[in-house]
Structures are given as C-alpha cells and as structure tokens.
Amino acid sequence: MNYDEWAAIGHANGWLGVRRNNGATSKAGAKDITVRAGSQRALVLFWYSIQDLTDDEAGRWSGLAKRPKCCYWKRCSELRQAGYIEPTGETRVSLAGVEQQVCRITDQGKQVLAGIA
C-alpha cells in the first residue's frame, strides 16, 4: 500500500496523521484537527487567508518560525490534511534553496476561520 492509499483510508476513518505504532495520545491528538482561537493552527490559517504561502512563508509571516521547538510545518500539514488549505500547483524556492508547494486557504478553511473570529 502506498502513502496515498493509506492516507485515503486514514482520512475516511478519522485517523490520518498517525502511524500504526503511535500511542493512544498521539492517535487522539491526530483526530482533533480543531482550529481554536489563539492556537498555532489558527495563526497559520489566518496568514493563508491573507495570501497564498509556502510552509516556510507561513512560518515566517506567523512568527512561529522564530519560536523555539515550534514545528510550524506540522501545523501546515495538519491544515492540508483537514482540507483547510490546498496546493495551488505553484512552487517557490524556500530559504533552503529547494522548491516548496504554495498553498491557499479553501472555502472550508475560510468557514473555520470565520467561526473562531
């Protein structure tokens, strides 16, 4: 089974974002893709509502890239998995010199953001 097949099954069953060998707390956390006011997810989603961004750009614009031990790219991944942001098909060169996908907020993401504002 490839990742896409596994991800489709996981998304359908509500456990996307965890590995089979992860503990119960990790599984519970992965199921909770809630965007709460003041959370890192909300902050990143807000910046995606302003403009299309790469994960690196979202980290910089939100300020999360400057926080120690903050994994802003995980928040971006969670937002993609939840369907709140989606790739545009465009790429940009990151600070590391590699191409990164550019994502935009979805209608579902806009609804979530409006619900916490």
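Because the model is predicted, local features need a pLDDT of at least 70 and side-chain atom pairs count only at pLDDT 80 or more, while totals for chains, interfaces and linings use all residues. Residues are numbered from 1 along each chain as its sequence is written, and side-chain values use heavy atoms, with hydrogens and water left out.

**The chain as a whole**

The protein chain holds 6 helices and 2 strands, where helices (H or I, at least four residues) and strands (E, at least two) are DSSP runs numbered from the N terminus. Read from the N terminus, the order of these elements is α-α-α-α-α-β-β-α. Of the 117 residues in the chain, 36% are buried; buried means under 20% relative accessible area, exposed means over 50%, and partly exposed lies in between (1.4 Å probe, protein chains only). The chain exposes about 7300 Å², of which carbon and sulfur atoms supply 52%, with accessible areas taken from the Shrake-Rupley method with a 1.4 Å probe and, for residues, only the protein chains shown counting as cover.

**Aromatic rings**

A pair of aromatic rings is described by the distance of the centres and the angle of the planes. Rings of Phe, Tyr and Trp (its six-membered ring) pair if their centres lie within 6.5 Å, and planes under 30 degrees apart count as stacked, over 60 as edge-to-face and the rest as tilted.

| Ring pair | Distance of centres | Angle of planes | Class |
|---|---|---|---|
| Trp-47 and Trp-61 | 5.3 Å | 40° | tilted |
| Tyr-72 and Trp-73 | 5.1 Å | 85° | edge-to-face |

Trp-47 lies in helix α3 (residues 40-50) and Trp-61 in helix α4 (residues 55-62), so their pair ties together parts that are 14 residues apart in sequence. Ring pairs also link Phe-46, Trp-47 and Trp-61 into a cluster, in which Trp-61 is partly exposed, with a relative accessible area of 42%. In the other tabulated pair, Tyr-72 counts as buried at 12% relative accessibility, whereas Trp-73 is partly exposed at 43%.

**A buried glutamate**

Glu-78 sits in helix α5 (residues 72-82) and is buried, its relative accessible area being 15%. The side chain of Glu-78 makes a polar contact of 2.8 Å with the side chain of Arg-41. A polar contact is a pair of N or O atoms within 3.5 Å; within protein, one must be able to donate a hydrogen and the other to accept it, and residues adjacent in sequence count only if both atoms are side-chain atoms.
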